[in-house]
Amino acid sequence: MRRITRITTVGIASAALALSATACGKSSTDAGSSSASDSKNITAAIAYDIGGRGDQSFNDAAYAGLKKAEDELGVKGTEAEPSEGEGDADKVQRLTALARAGNNPVIGVGFAYAPAIAKVAKAYPKTTFGLIDDTSVTAPNIANLVFNEEQGSYLAGVAAAKASKTGTVGFIGGVEVPLIKKFQAGFEQGVKDTNPKAKVLVQYLTQPPNFDGFSKPDLGKAAAQGQLDKGADVIYAAAGLAGSGSIEAAAAADKWAIGVDSDQYNQAGLASYKDHILTSVTKDVSDSVFNLIKSVKDGKPQTGEVRYGLAQDGVGLSDSNPAYKKMTDVIAAVDEAKKNIVDGKITVKTAP
């Protein structure tokens, strides 16, 4: 797998990608064409969101899907990292370089890629583009890979309310955008439906256009410490790499943290804190990436909205922590809530 680091300039990245594609006999210089789509041994690319690979969360889940495609489908993968403070023009150049090199599909990890994909997809109509967490941009060659985050977060709220001894829990959002407010809405609803007297502390780390709240662990750590000081004993952070800071703070205080996107109990980078990761709200970003790559390889590329919800196990709650598995009352409450959501007895809000 070829990886372009975040310190590499766009120009060098483009040249390197083109060289790699040529070496594999899959170069393409004509806009609107993609030689990879004509081969069973396709090449696929993912362009990471803020925080990049190694965030122990969202981006790492996308990487797992690409790695699975390499292992099971024989696909050759390329990864492209973001640069700090980049704009849409940088994303356009990155996606263009990936498409020009013959990668198909090209997947933008995160809603921030929407404007860039809208532009590049027009220039490369024979290339399939995957856009994770956004439905605002549509085209015949765009697959919108989206999730019912609010449903998984509802289950986290149930677990938090049942596990809390103080009756105070915390939610930390990386950046106050509609997507993260879905996490907040579901979590708050799950808490309140389980314990109407519970208190939910809410804090966002940054406001757009400042997206540091997805990439700086120190911000998450400080926010979590503030909530711990106010009595919170379970903290759920939907903040990408910044969320690792909140997990660290909760562990240091011997309180519970709830992970997000990936099963963070099993993330190597968080091993020192895993005993304090009660559970994680999982999004099957990995399978969404894998399924899109497989669909292109099979000659039937996914397009339009591809939604992953609780009914399809596209979102859920992990149970890797042995301590969580011993909480039979918590598990019973979570299982009941899941059934009620799937059966339509509970409708989870998508905004606070």
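**Aromatic contacts: exercises**

The charged end of Lys-68 lies over the ring of Phe-290, 4.4 Å from its centre; a charge sits over a ring if NZ of Lys or CZ of Arg is within 6 Å of the ring centre and within 35 degrees of the ring normal. Lys-91 is placed over the face of Tyr-113, 5.6 Å from the ring centre. The model is predicted: local features need pLDDT of at least 70, side-chain atom pairs count only at pLDDT 80 or more, and totals for chains, interfaces and linings use all residues. Residues are numbered from 1 along each chain as its sequence is written, and side-chain values use heavy atoms, without hydrogens and water.

**Exercise 1.** Classify the pair Phe-147 and Tyr-308.

*Solution.*
- Rings of Phe, Tyr and Trp (its six-membered ring) pair if their centres lie within 6.5 Å; planes under 30 degrees apart are stacked, over 60 edge-to-face, the rest tilted.
- Here the centres are 5.4 Å apart and the planes at 25°, so the pair is stacked.
- Phe-147 belongs to strand S6 (residues 142–147) and Tyr-308 to strand S12 (residues 304–308), 161 residues apart; strands are DSSP runs of E, at least two residues, numbered from the N terminus.
- Phe-147 is buried at 1% relative accessible area, and Tyr-308 is buried at 9%; buried means under 20% (1.4 Å probe, protein chains only).

**Exercise 2.** Classify the pair Phe-187 and Tyr-236, and name the cluster that holds both.

*Solution.*
- The centres of Phe-187 and Tyr-236 are 5.1 Å apart and the planes at 50°, so the pair is tilted.
- Both Phe-187 and Tyr-236 are buried.
- Phe-171, Phe-187, Tyr-204 and Tyr-236 make up one aromatic cluster.

Notes
Helix = DSSP H or I, 4+ residues; strand = E, 2+ residues; numbered from the N terminus. Buried < 20%, exposed > 50% of the residue type's maximum accessible area, 1.4 Å probe, protein only.
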